[in-house]
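Okay, thanks for coming, everyone. Let me put the structure up, and then I'll walk you through it.

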Amino acid sequence: MGLLFLSFTITLAGCGSDKSALAFSNSTTNGQSEIKVAQDNDPAFASIQKDLIGVSCIKCHNANQTKHSNLTSKAVVLENADDMLYRMTDAWDIGVDNMPPKGNPVNPVVIKEFKSWMSDNKFANLQKSLFQASCLKCHSATQTKHANLTSKAVVIEKYDDIIYKMTTAFDIDDEPMPPVGKGNKVSPELIKELQKWKESL
Ligand code: HEC
Ligand code: HEC
């Protein structure tokens, strides 16, 4: 995995930009989030840069221009991910706003890779904001009594029960989670995010 990240290069043939467009690993221009991205070893994002952005987008969406979003930055890609996906898929059917604007649509295999990266990122966020905050004290990977909610497979398998325990179980007093007195109820917004993530799988 580490090797993949290190060996990542793209030839910017004939597009008028220099290599610094890809220097997201030491970019410092856009403040905190950029620096954080730089320290984040994310081989899957390196693949996205190579297979998707580098092939189909970087000619216009690079770090050296200011008109379009800089898709060499992970923070920017995360922010625009839904819009990017739309423009690579549905927008082509409609024939408006499609990206890239000229040439062929992006290879479906690459789009699938992008979707799976997006989904993993959303799950990582949910791990922090929802499970770690409200559940892992008891449902961690290091205990064996309760469902291990750090595992994506377990969360998928127990999904209906998890939603139930965080919502309806409170109304009918059926062992809600987190148990009463053991932490705050999970916010409806976070539950919605979990539902959106599950639906996108
Ligand atoms: C030939 C140049 C070109 C290429 C290649 C290109 N874009 Fe764009 N892109 C544009 C232009 C011009 C706009 C602004 C016009 C608009 O919003 O439709 C834009 C706008 C966008 C936006 C809206 C946010 C913004 O930056 O304004 C997204 C998201 C986007 N492009 C994604 C992509 C993705 C993903 C790819 C690669 C699959 C890609 N683009 C390839 C020229 C390009
Ligand atoms: C203070 C400890 C504690 C916390 C925090 C906690 N749980 Fe539990 N959880 C338990 C215990 C104990 C059980 C087993 C009791 C039972 O089966 O009713 C359980 C059972 C469950 C079950 C059903 C049985 C299973 O393990 O498959 C689900 C689903 C669940 N918890 C989800 C959650 C979720 C989601 C959160 C966070 C929002 C959470 N729990 C937070 C202690 C906790």
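Predicted model: local features only at pLDDT ≥ 70, side-chain atom pairs only at ≥ 80, totals over all residues.

Residues are numbered from 1 along each chain as its sequence is written, chains are lettered from A and ligands numbered from 1 in the order in which they are written, and side-chain values use heavy atoms, with hydrogens and water left out.

The chain has ten helices and zero strands. Helices here are DSSP runs of H or I with at least four residues, strands are runs of E with at least two, and the numbering goes from the N terminus. Of the 201 residues in the chain, 38% are buried.

Now the iron sites. A donor is an N, O or S atom within 2.8 Å of the metal, or 3.2 Å for Na, K and Ca, and since water is not among the atoms, sites may look incomplete. So which protein atoms hold the iron atom of ligand 1? They're His61, through NE2, and Met99, through SD, at 2.0 to 2.2 Å from the iron. His61 sits in the loop between α3 (43-57) and α4 (74-88) and Met99 in the loop between α5 and α6, so this pair ties together parts of the chain that are 38 residues apart in sequence. His61 is buried, because its relative accessible area is 16%, whereas Met99 has 25% and so counts as partly exposed.

What's the geometry of that site? Octahedral, with angles of 86 to 179 degrees among the six donor atoms. For the record, six donors count as octahedral, and four as square planar, if opposite donors are over 155 degrees apart and all others between 65 and 115; four are tetrahedral if all angles lie between 85 and 135 degrees, and anything else is irregular.

On to the iron atom of ligand 2. Its protein donors are His139 (NE2) and Met177 (SD), 2.0 to 2.2 Å away. Those two come from distant parts of the chain: His139 from the loop between α6 and α7 (152-157), Met177 from the loop between α9 (168-171) and α10 (188-199), 38 residues apart. His139 is buried at 16% relative accessible area, and Met177 is partly exposed at 29%.

Next, the aromatics. Rings of Phe, Tyr and Trp (the six-membered ring for Trp) pair if their centres lie within 6.5 Å; planes under 30 degrees apart are stacked, over 60 edge-to-face, and the rest tilted. That gives three aromatic pairs. One of them is Phe45 with Trp117, a tilted pair at 5.2 Å centre to centre with 35 degrees between the planes. It links helix α3, where Phe45 is, to helix α6, where Trp117 is, across 72 residues. Both of those residues are buried. Ring pairs also bring in Phe114, making a cluster of Phe45, Phe114 and Trp117.

Salt bridges, then. The rule is a side-chain nitrogen of Lys or Arg within 4 Å of a carboxyl oxygen of Asp or Glu, and the structure holds six. Among them is Lys74 with Asp42, at 2.8 Å from N to O. Lys74 is in helix α4 and Asp42 in the loop between α2 (32-39) and α3, so the bridge ties together parts 32 residues apart in sequence. Are these two buried or exposed? Lys74 is buried at 6%, and Asp42 is buried at 12%.

Another bridge joins Asp83 and Arg87, at 3.1 Å. Both lie in helix α4, four residues apart, about one turn of the helix. Asp83 is partly exposed at 35%, and Arg87 is partly exposed at 24%.

Last one: Lys165 and Glu175 meet at 3.9 Å. Lys165 counts as buried, at 17%, whereas Glu175 is exposed, at 57%.

Terms used
Buried < 20%, exposed > 50% of the residue type's maximum accessible area, 1.4 Å probe, protein only.
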